[in-house]
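Have a look at the sequence and the model, then read on.

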Amino acid sequence: MTTLKAGDIAPNFSGLDQNGTSHKLADYKGKKLVVFFYPKASTPGCTAEACDLRDNFEKFKANNYALLGVSADSAKAQAKFIEKYELPFPLLADEDKSVIQAFGVWGPKKFMGKEYDGIHRTTFVIDENGIIEEVISDVKTKAHAAQILK
């Protein structure tokens, strides 16, 4: 699980979004970046989280934040997720899990008594200089924007 914490330098990630556009940490210099990892596009918890961020997107923009969602879904699944819920931010299709592993959010999980490896729903708030300001591992899917914009 993640060993990254507030004060650490954010991983110098690079990944492709739903349209094949590259995103890397350096692209966001001078902005605050919210990188939120979620287990699977279009599932109930992930949808609640993404829609809460969408509904508060103007507040994020007004406060100089950029948002970037990441899961191991295909670009096609991410594009569908964006289209269906009109999400105003890019979603990385991290199928090789390079970004997921760089942030340390892949690991054992339990669901209905079964243990398996998966993405831990975790959000990283990165400041204008690429330093992690906050790591939110107890994500409240329906009120996540409030957790970030407190």
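Lysine 110 stands opposite glutamate 115, which belongs to S7. Strand S6 (residues 106-111) and strand S7 (residues 114-119) run antiparallel and are joined by six bridges. (Strands count as paired if DSSP finds at least two bridges between them.) The S6 and S7 hairpin has two residues between its strands, and methionine 112 there takes a positive phi near 50 degrees.

A word on where this comes from: the model is predicted, with local features needing pLDDT of at least 70 and side-chain atom pairs counting only at pLDDT 80 or more, while totals for chains, interfaces and linings use all residues. Residues are numbered from 1 along each chain as its sequence is written, and side-chain values use heavy atoms, leaving out hydrogens and water.

## Another hairpin along the chain

S8 (residues 122-126) is joined to S9 by four bridges, and these two strands run antiparallel. Isoleucine 126 has isoleucine 132 in S9 as its bridge partner. Five residues sit between S8 and S9 in this hairpin, and glycine 130 in the turn has a positive phi of about 85 degrees.

## Zooming in on valine 139

Where do you find valine 139? Look in the loop between strand S9 (132-136) and helix H5 (144-148). Valine 139 counts as buried because its relative accessibility is 14%; buried means under 20% relative accessible area, exposed over 50% and partly exposed in between, using a 1.4 Å probe and protein chains only.

Leaving aside residues up to four places away in sequence, valine 139 touches Glu49, Arg121, Thr122, Thr123, His144 and Gln147. (A contact means heavy atoms within 4.5 Å.) From valine 139 to asparagine 64 is 75 residues in sequence and 21 Å in space, C-alpha to C-alpha.

## The whole chain

Step back, and the protein chain shows five helices and nine strands. Both are DSSP runs numbered from the N terminus, with helices (H or I) of at least four residues and strands (E) of at least two. In sequence order the pattern reads β-β-β-α-α-β-α-β-α-β-β-β-β-α. The radius of gyration of the protein chain is 14 Å, close to the 15 Å that the globule rule gives for 150 residues, so the chain is as compact as a globular protein of that length. That radius is taken over C-alpha atoms, and the rule is 2.2 Å times the number of residues to the power 0.38.

Of the 150 residues in the protein chain, 48% count as buried. Among contacts between residues at least 6 apart in sequence, 62% join residues at least 24 apart.
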